[in-house]
Amino acid sequence: MPKVAVVMGSDSDLPLMKKCINVLKEFDVQFDVRIISAHRTPDVAADFAKGAAGKGYEVIIAAAGKAAHLAGVLAAMTTLPVIGVPVKSSTMDGMDSLLSMVQMPKGIPVATVAIDGAENAALLAIQILALKYPELSEKIAAYRDKMAQDVIKKDNEIRNEVF
């Protein structure tokens, strides 16, 4: 069974990351949720990252705001794919978080989604897992088909409303 770790730098990230969690639930992907700070609990972050594969995790999703080093710290200590979710903060509207994630040094990549892009982080994790779990490929295809049908329905509704 596919398993994802959803890690947040602070409990203030939970309202945003519930969107990620809901997508993982929708696709029946097992997950655990942790609050680990790269700065306040660096030893916990290191232990978690180093032991993540051994605990059955196949992808890590890491959300953080402000300095946002969590995803990079975890990526530096594991070979698992790490997806960063930059969280919009009051300081620079999340640009500080985004840049700290996408500007990782050579050799330590962090896949990064949009600022507050929690749903896309879950979907990217599911696409990565789909390489190993074919049933997830089918679910992704159905999910995208439903999105397309929703757009077509809205298009028809708006054309009928205007004309």
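The model is predicted. The protein holds six helices and five strands, which follow the order β-α-β-α-β-α-β-α-β-α-α from the N terminus. Its C-alpha trace spans about 60 × 40 × 30 Å along the principal axes.

**Overall composition**

- Of the 163 residues in the protein, 42% are buried.
- The accessible surface amounts to about 9000 Å², and carbon and sulfur atoms supply 56% of this area.
- Among contacts with a separation of 6 or more, 67% are between residues 24 or more positions apart.

**Aromatic pairs**

- A search of the whole structure gives two aromatic pairs.
- Phe27 and Tyr143 form one of them, with ring centres 5.4 Å apart and planes at 55 degrees, so this pair is classed as tilted.
- Phe27 belongs to the loop between α1 (14–26) and β2, whereas Tyr143 belongs to helix α6 (residues 134–162); the pair therefore ties together parts that are 116 residues apart in sequence.
- Phe27 is buried at a relative accessible area of 2%, while Tyr143 is partly exposed at 22%.
- The rings of Phe48 and Tyr57 are likewise tilted, because their planes stand at 50 degrees, with the centres 5.7 Å apart.
- Phe48 is buried, at 5% relative accessibility, and Tyr57 is also buried, at 7%.

**Lys3 and its two partners**

- Lys3 lies over the face of Tyr57, at 4.7 Å from the ring centre.
- The side chain of Lys3 also meets that of Asp32 in a salt bridge, with an N to O distance of 3.6 Å.
- Lys3 counts as buried because its relative accessibility is 15%, under the 20% limit; Asp32, at 28%, counts as partly exposed.

**Further salt bridges**

- The count for the structure comes to five salt bridges.
- Glu58 and Lys132 form a salt bridge with an N to O distance of 3.1 Å.
- This pair links distant parts of the chain, 74 residues apart: Glu58 is in the loop between α2 (42–51) and β3 (59–65), and Lys132 is in the loop between α5 (118–130) and α6.
- Glu58 is buried, with 18% relative accessibility, whereas Lys132 is exposed, with 55%.
- Asp155 and Arg159 form a salt bridge with an N to O distance of 3.3 Å.
- Both Asp155 and Arg159 lie in helix α6, where four residues, about one turn of the helix, separate them.
- Asp155 is partly exposed at 35% relative accessibility, and Arg159 is partly exposed at 42%.

**Surface residues**

- A nonpolar patch on the surface consists of Met92, Met95, Leu99 and Val102, which together have about 340 Å² of accessible area.
- Val102 is in helix α4 (residues 95–102) and is partly exposed, with a relative accessible area of 42%.
- Ile35 is in strand β2 (residues 30–35) and is partly exposed, with a relative accessible area of 49%.
- Leaving aside residues up to four places away in sequence, Ile35 touches Met8, Gly9, Ser10 and Asp11.
- Ile35 and Ala76 are 41 residues apart along the chain, and their C-alpha atoms are separated by 18 Å.

Terms used:
Residues are numbered from 1 along each chain as its sequence is written. This is a predicted model: local features need pLDDT of at least 70, side-chain atom pairs count only at pLDDT 80 or more; totals for chains, interfaces and linings use all residues. Side-chain values use heavy atoms; hydrogens and water are left out. Patches are made of residues with over 30% relative accessible area and no salt bridge: like charges are joined within 9 Å, nonpolar side chains (Val, Leu, Ile, Met, Phe, Trp, Tyr) within 5 Å. Accessible areas come from the Shrake-Rupley method with a 1.4 Å probe; for residues, only the protein chains shown count as cover. A salt bridge is a side-chain nitrogen of Lys or Arg within 4 Å of a carboxyl oxygen of Asp or Glu. Helices (H or I, at least four residues) and strands (E, at least two) are DSSP runs, numbered from the N terminus. Buried means under 20% relative accessible area, exposed over 50%, partly exposed in between (1.4 Å probe, protein chains only). Contact means heavy atoms within 4.5 Å. Rings of Phe, Tyr and Trp (its six-membered ring) pair if their centres lie within 6.5 Å; planes under 30 degrees apart count as stacked, over 60 as edge-to-face and the rest as tilted. A charge sits over a ring if NZ of Lys or CZ of Arg is within 6 Å of the ring centre and within 35 degrees of the ring normal.
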